[in-house]
Amino acid sequence: MGCKGCLQSVIVSDEYIQQLVKEQLQLETDLVDDQTYHKRLQICKNCPSFFYGNTCSHCGCFVQFRAKLSYKTCPFPNGSKW
Ligand code: SF4
């Protein structure tokens, strides 16, 4: 199954994701603390909608980025998981 955004496999390295998140978060000011961030990521890692080690199939986001934003929620259809 592909993600919502492009229906293609999104296989990229962890280093690429970390660099992307670091660069993009420089523009953001409304971030969660590290404890909340890691809790969110752990929930994603155990979610059936988590693909390729980085993507939420419902929003097409890299969860390593989305989970850091305090104004974002989990888009799971049966109820937000975080
Ligand atoms: S549905 Fe929620 S918990 Fe599951 S991968 Fe997407 S953001 Fe993470």
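Modeller: Let's start with burial: a residue is buried if 20 or more other C-beta atoms lie within 10 Å of its own, exposed if 12 or fewer, and partly exposed in between, with C-beta atoms placed from the backbone. Here, 16% of the chain's 82 residues count as buried. This is a predicted model, so local features need pLDDT of at least 70 and side-chain atom pairs count only at pLDDT 80 or more, while totals for chains, interfaces and linings use all residues. Residue numbers run from 1 along each chain as its sequence is written.

Colleague: Okay, what is the mean pLDDT of the chain?

Modeller: pLDDT is the predictor's confidence in each residue, from 0 to 100. The chain averages 90, and 88% of its residues reach 70 or more. Confidence is lowest in helix H1 (residues 14-25), with a mean of 90, and highest in helix H2 (residues 34-45), at 98.

Colleague: How many helices and strands are in the chain?

Modeller: Helices (H or I, at least four residues) and strands (E, at least two) are DSSP runs, numbered from the N terminus. This chain has 3 helices and 2 strands, and they run α-α-β-β-α from the N terminus on.

Colleague: Take H1, then. What does H1 reach from its first C-alpha to its last?

Modeller: The expected span of a helix is 1.5 Å times one less than its number of residues. H1, with 12 residues, reaches 16 Å, close to the 16 Å expected.

Colleague: Which residues surround the ligand?

Modeller: A residue is near a molecule if its C-beta atom, placed from the backbone, lies within 6 Å of it. The ligand's surroundings are Ile43, Cys44, Cys47, Ser49, Phe50, Cys56, His58, Val63, Cys74, Pro75, Phe76 and Lys81. For classes, Ala, Val, Leu, Ile, Met, Phe, Trp, Tyr, Cys and Pro count as nonpolar, Asp, Glu, Lys and Arg as charged, and the others, Gly among them, as polar. That shell has 9 nonpolar, 2 polar and 1 charged residues.

Colleague: Let's pick two of those. Where does Cys47 lie?

Modeller: Cys47 is in the loop between H2 and S1. It's partly exposed, with 17 other C-beta atoms within 10 Å. Cys47 and Phe76 sit 29 residues apart along the chain, with 9.2 Å between their C-alpha atoms.

Colleague: And where is the place of Pro75?

Modeller: Pro75 falls in the segment after helix H3 (63-66). With 16 C-beta neighbours inside 10 Å, Pro75 counts as partly exposed. Not counting residues up to four places away in sequence, Pro75 touches Cys56, His58 and Cys59.

Colleague: One for the backbone: what is phi of Tyr52 near?

Modeller: It's near 60 degrees, a positive value in a residue other than glycine. Tyr52 belongs to the loop between strand S1 (50-51) and strand S2 (55-56).

Colleague: Asn54 is in the loop between S1 and S2 too. Does Asn54 count as buried or exposed?

Modeller: Buried, because Asn54 has 22 C-beta neighbours inside 10 Å. Tyr52, with 14, counts as partly exposed. From Asn54 to Leu41, 13 residues apart along the chain, the C-alpha separation is 9.6 Å.

Key
Contact = placed C-beta atoms within 7 Å.
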